[in-house]
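Me: Could you walk me through this protein, one feature at a time? I am new to reading structures, so please spell out the terms.

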Amino acid sequence: MSLFAIQDLKVRPDIVHEYPGPGVIPGSTAIVIDNGSYHCRAGWASQEEPLLCFKNVLAKPRKDRNKKDAEAAAVPTVQIGNDIVNIEAVRFQLRTQFDRNVVTHLHVQEQILDYLFERMGVDADGSVPHPVLLTECVTNPNYSRMLMAELMFECYGIPGLSYGVDSLFSYGLNSGVGSGLVVSCGYHATHVIPILNGRMVPDKLKYPVHVNAITLSRAEAMIHSYCSFAYDYMEALKDWALLEYYDQNVTKIQLPYNQTVTAPVLTAEQRVEKRKELSRRLVEINLRKREEKHAQDKEMLASLEAADENLDDEENLNFVLQEFELKGVDDMRKTIVTLRDRIARTSQKMNAAQTVVQPVEEKPVLLQPPPNLTIDQWVVETRRKRDEILDKKQTRKQRRQDLAKRRTAAAQERMRIISQLAKKEKGNDDFGMRDEDWDVYKSISRDGDSDSEAENEKLLEYEEVLKQHDATYVEPSSAPGSNIAEFHQLHLGVEKIRVPEILFQPSIIGIQEAGLAGTIDYVLKLFPPELRPQLIANICLTGGCANIPGFRERLHREMQAMLPFQSTFNLSLAANPTLDGWKGAARFATTEQFRESLLTRQTYDECGGEYFKEHVASNFYYPTPSSSLVVATAAAGSEVIN
């Protein structure tokens, strides 16, 4: 079994990139923004990789009323993306522009776009002189698109805007054109998108003890690092039920913890030795300070003597007098005499302190059993006595804990006795003057609340015997029962396959919806039998969850069981399921089709913000019915009813 350290989310704040960068032409090069609900990826269409990749959230700390306005201004009012270094500290202050995977909070989106354009280095007097290719979710509502277009044109003054679906861009990058099926596993939703003749079919889609230490970001890191899809879930559960399989495959995650250091119990001889050691260290510290002061005095004496020998050099003399805060030549000569005496006395003390006798290292004495016992009998007896002392110490410890709690029997008994004592002879505070008072005190403090020194010395003696003669003895600091590090460990066993299994069996967490395989089966049955082979011949897997090991193999098994006998199908995993959406969009942004799909400011003013031009990777545009049309339709319906 291997032990892994717990992974904390570590981010670096994004730098402000130079503008314009290599290959960037203002007014011509498009800005590609993959606006995902988990990560936002942004960059120039002329580049291979996005410039920015950050969590699509912002944090607005609450204002501390106890701090003054000047102090509060030192803390950034809003932190966005990778500027949030410790995301757990502001977990309850995080804001996102998404409701699931639909942009609904435009005020948050605006602040994130400000951050994005600033870090990309776009500097053009308050506007963005570049066309923008922006990804959106499948079947994005018109109202959400209208608000986004209004934000882009009115606030940033962009010359053109085009929309596209990230998973369709990834499909085009990995599978080209033609028919197929896109399985996109995202942060908030999983989409199964059928593709016929290179275009999405729009009318057949479906929507879908260490509590404080297991933070959301750590849970996400564990899923992506250690979880995998089981090829056969039920068989995998049987394997995990076997102890041998569990021991060989369990993953241990070390959580952070504070090591509690217990002061060792020292014998009388050990305390004497410790005092000697402290005295020796104190002598060394004083000697070091004395040497430093001695060197300073010598340096000062040399400067003063040089100035005394060259009194004609008034400039140097005034400098020395001012540096050492001396009033005149007479004061300087008195200081020289004082320094000479001090240096001589310090030299004598230093010579005396350096003549320290080095202690002779004593070899440990091998303890021997009494004459009437063998070594084995002696070890057994010693272990029994040690356990008795440990039991007594544990009993006293438990009693101290009980006394610290108000409603325990021990605490109530002590309070009863003290209250009776307080009622007796009111007004006379002479408790302890009589012999019977000590009997009351003993009854209050019965069993003893602290460990005796003799008991601790005996315990050290017994442990030394066991250390020398008992091969099975394990020191308390490394015993499994007292290992704090082992207590703060997570053992990931069957959870490694159970967590991602939710994608195929949502009922595990009480969601009464079909799993991924059932959804694919439902989508395929919406098409005539003669079209289904075209869809299953090219199934592209994309999205962040597609990175989890075993995803392709598990889905392949589910498809085999689901499809008719001897059906042929092909599953392909995107080259980079996380970034291929952005890369496909960047490639599209360099084509003539992108320029034809741009929504200009004039078209925006004429057709409204919800309008967009369709292309191979876009949604389909369905105009929102006007209010008059809705009223007319309702009236026609009422006439039919009548």
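Reply: What follows goes from the whole chain to its sheets, its rings and its surface. This is a predicted model, in which local features need pLDDT of at least 70 and side-chain atom pairs count only at pLDDT 80 or more, while totals for chains, interfaces and linings use all residues. Residues are numbered from 1 along each chain as its sequence is written, and side-chain values use heavy atoms, with hydrogens and water left out.

Me: How many helices and strands are there in the protein chain?

Reply: The protein chain has 23 helices and 19 strands, where helices (H or I, at least four residues) and strands (E, at least two) are DSSP runs numbered from the N terminus.

Me: And what share of the residues is buried?

Reply: Of the 642 residues in the protein chain, 37% are buried; buried means under 20% relative accessible area, exposed means over 50%, and partly exposed lies in between, with a 1.4 Å probe and protein chains only.

Me: Ok, sheets next. What is the strand order in the sheet with mixed pairing?

Reply: That open sheet of three strands has the order β1-β15-β16, and two strands pair if DSSP finds at least two bridges between them. β1 (2–5) and β16 (489–492) are at the edges with a single partner strand each, so one side of each has no neighbour in the sheet.

Me: How do β1 and β15 run, parallel or antiparallel?

Reply: They run parallel, and four bridges join β1 to β15 (residues 251–254); within this pairing, F4 has I253 in β15 as its bridge partner.

Me: Switching to rings: how many aromatic pairs are there?

Reply: The count comes to 16 aromatic pairs, where rings of Phe, Tyr and Trp (its six-membered ring) pair if their centres lie within 6.5 Å, and planes under 30 degrees apart count as stacked, over 60 as edge-to-face and the rest as tilted. W240 and Y245 form an edge-to-face pair, at 5.1 Å centre to centre and with 90 degrees between the planes.

Me: Are those two buried or partly exposed?

Reply: W240 is buried, with a relative accessible area of 10%, whereas Y245 counts as partly exposed at 29%.

Me: Which residues make up the ring cluster?

Reply: Y163, Y611, F612 and Y621 are linked into a cluster by ring pairs.

Me: Last one, where does I511 lie?

Reply: I511 lies in the loop between α16 (495–498) and α17 (516–524), and with a relative accessible area of 35% this residue is partly exposed.
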